[in-house]
Structures are given as structure tokens and as C-alpha cells.
Amino acid sequence: MSNSFGTLFRITTFGESHGPGIGVVIDGCPAGLAVEVAEIQAALDRRRPGQSDLTTPRKEADQVEVLSGLFQGYTTGTPIGLFIRNQDQASHDYSHIEHAYRPSHADYTYDQKYGRRDYRGGGRSSARETAARVAAGAVAHKLLAHYGIRVSSYVAQVGAVQVPVGYQELDLSLIESNPVRCPHPETAERMAELIRQTRDRQDTVGGIVAGVVQGVPAGLGEPVFDRLHAELGRAMLSINAVKGFEYGSGFGGTLLFGSEHNDTFYTDEQGQVRTRTNHSGGIQGGISNGQDIYFRVAFKPVATILQPQATINDQGEEIMLAGRGRHDPCVLPRAVPIVDAMTTLVLADMLLRARANKVD
């Protein structure tokens, strides 16, 4: 189903940007997992709007309500229902696009698919829906933590400003030390300045979020169609504004010869199988090999800009249209927890599927 994601650890999200609220049902989470509501709320606080001058000023508390599946601080094994009420809607900001097709938005395609659309903030196509994914990801995070798996994402590039080193040379504990969520302080300052300049020009800017997963055991992922990297790519490409995904050496690996790119195996002092390099990004044959998984996700500039643009309406008439309302000049800082969430959801599902693959 188009509103569901996962096989054994499965989520279904619901709701629209300007409806009563948004929510998620998590099915398949094992019983007995310690999950506090405060932990889910903390994840949502990282994604919520209005958290700095670099993001949309829309004020949403994103207060989560637990409808089912948690009792006395533990999962019960039954479906977990989470709901987040919308509070700061400004639907009048969208009355001018009731019949207009905004450039690079889903207005036209939704009309063609369904014959109607909720023009208030884009309805179901709005990035507001991703709050439900972040709530679900907080539960998945607890499952991964139980197995010692750590997920980190950070802003690696905004426009042409990029972190000059790889994740291995960064202190990932600094991700939350600045509003850009970049663990390279000097670069973070330059990124923030670019975002402010872009906002003042009534424009938007894109960039790249890097993801890192550490502590992953070997053996996660399914052969052929449900390969681990394919599921990660599918997860990332389901996020609003994402235009590309690469893992390991990615497109840069095309510049190497096989003799340079191959990751040779060895056994370390603890008797663990390791590779001397990690161009594979921790995944070989679609299955994790125990090394760090790392990837990059490309985000386009936010499509809503406050400058006048030529477009058409639903009658095919040419019109001029300028965006209104409250929008992010750069989606990257708030995209970090979304990338985290989708990563945890993929790995939680793969963990449960791995348990079914062989007798321990």
C-alpha cells in the first residue's frame, strides 16, 4: 500500500498538513521493548518547525499522543498508535493556489491521479506527513539500541558549501551543537550564513544529508529485490524533496579501478572479520558485512519561493504566481531527523526479518 512501509516492522501513516492532525500505526514491534513517551517527543522536537531562524516560523508543538500499544513504559506487542494534532494552520495562505499549479509541486500530478486535491499546504503531499515517520522512527531507534546499532545523520552540504572531510574525521556528537546540524563547526557557520542570505533573497537552497550506521551485525538484508541498500534508497527517495541517493563510494567509485575499489578481508585481533577499506559502504550482495554503513541523500531546494513565477491554472491559462505562507529556506536541518527515522525503520525491519532466516 502506498501509505505503508516495511514488511515485519511495518508502519502506516495518515493525515494531512491542514487537517486535524497526522499519525502513524506501527505494526510488528516486539513486546517488552522499553519506550518512554518522552523519547518519542524528543525525536519530534528535533523535526518540528519554528526551532531556529533557519527554518519555517510555523509554530507546531508536535505533541505526541499515544493511542495504543504502550503500557507502563513497554511495548505490548499490539499495534502502536501515535497521533500529532495540527495547531498552527494558516489555510488562508493557500487560497490563491486553489486552481493554480505551483512550479515543482505535486499539484498537477495529484489532480491527474485523483481528480481532486487538498490545496491547503499540499495536503498529503506536504512534508508535514514526515512527523509521523519520525515518531515511528523513535520506536525503531529503541529496537536498534537494544542490539547496539547507532544511527547518525548530519548536514554535509548546503549549496556549494560542504564539509571538507569524511564522517570518520568528524565528532558526530557535535551534530546537535548548532541549528544547521553540521558536526564541522566552521562549515556550519558558513552554511547558516548561506541559508540566511538565501532567505533574505526570498529564495531557497538545497544540499546533502549524510547518514552513518555503526554497530550493524553482518547478515542484514535480503537477496535480489529487498537488498539492504535498495531498501535504504527506497526509504530516502520517499522523503519530500529528495532527488538522489548513493551509498559507499557511490558515483565517486566509478573513478576507481577494481584493484583500487575492492575491499579486502582480514581477521582482527578479536577474531572478527573486517575489511581494510570500506568502499562497499558496509553492504555487499545487498547484505550488511559488519562494517559501517554510510550514504548520502541529495535534497533539492524547497519548491515554494516567494518570488513571482510563471505557471498555469487548472484551466490551462497562463498566470503569475508567488508563494505565500511560512516555509523553510533550506530543508536540510529539519531533514536530518527524517533521514534518521527512515534509516531506523529499514534496519528495524531487516533485524526482524534476519531472525526469521535461520535457527540460532
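Student: Is Thr198 buried or exposed?

Tutor: Buried means under 20% relative accessible area, exposed over 50%, and partly exposed in between, with a 1.4 Å probe and protein chains only. Thr198 has a relative accessible area of 2%, so it is buried. This is a predicted model, where local features need pLDDT of at least 70, side-chain atom pairs count only at pLDDT 80 or more, and totals for chains, interfaces and linings use all residues. Residues are numbered from 1 along each chain as its sequence is written, and side-chain values use heavy atoms, leaving out hydrogens and water.

Student: Where does Thr198 lie, and which residues is it in contact with, leaving aside neighbours within four places in sequence?

Tutor: Thr198 belongs to helix α4; helices (H or I, at least four residues) and strands (E, at least two) are DSSP runs, numbered from the N terminus. Contact means heavy atoms within 4.5 Å. With those sequence neighbours left aside, Thr198 touches Asp203, Thr204, Val205 and Pro329.

Student: How do I read a pair of aromatic rings?

Tutor: Such a pair is described by the distance of the centres and the angle of the planes. Rings of Phe, Tyr and Trp (its six-membered ring) pair if their centres lie within 6.5 Å; planes under 30 degrees apart count as stacked, over 60 as edge-to-face and the rest as tilted. By this rule there are five aromatic pairs. One of them joins Tyr167 and Tyr294, tilted, with 5.6 Å centre to centre and 40 degrees between the planes. Tyr167 lies in the loop between β9 (161–162) and α4 (185–200) and Tyr294 in strand β16 (residues 293–299), so this pair ties together parts 127 residues apart in sequence. Both Tyr167 and Tyr294 are buried.

Student: How is the pair of Phe245 and Phe295 arranged?

Tutor: Their ring centres are 5.7 Å apart and their planes at 40 degrees, so this pair is tilted. Phe245 is in strand β11 (residues 242–247) and Phe295 in strand β16, so parts 50 residues apart in sequence are tied together. Phe245 is buried at 19% relative accessible area, and Phe295 is buried at 2%.

Student: And how do I read two packed helices?

Tutor: They are described by the angle between their axes and the distance between the axes. Axes are lines fitted to C-alpha atoms, for helices over the stretch in contact, and angles run from 0 to 180 degrees between N-to-C directions. Here the axes of α5 (residues 228–237) and α7 (residues 332–355) come within 9 Å and cross at roughly 145 degrees.
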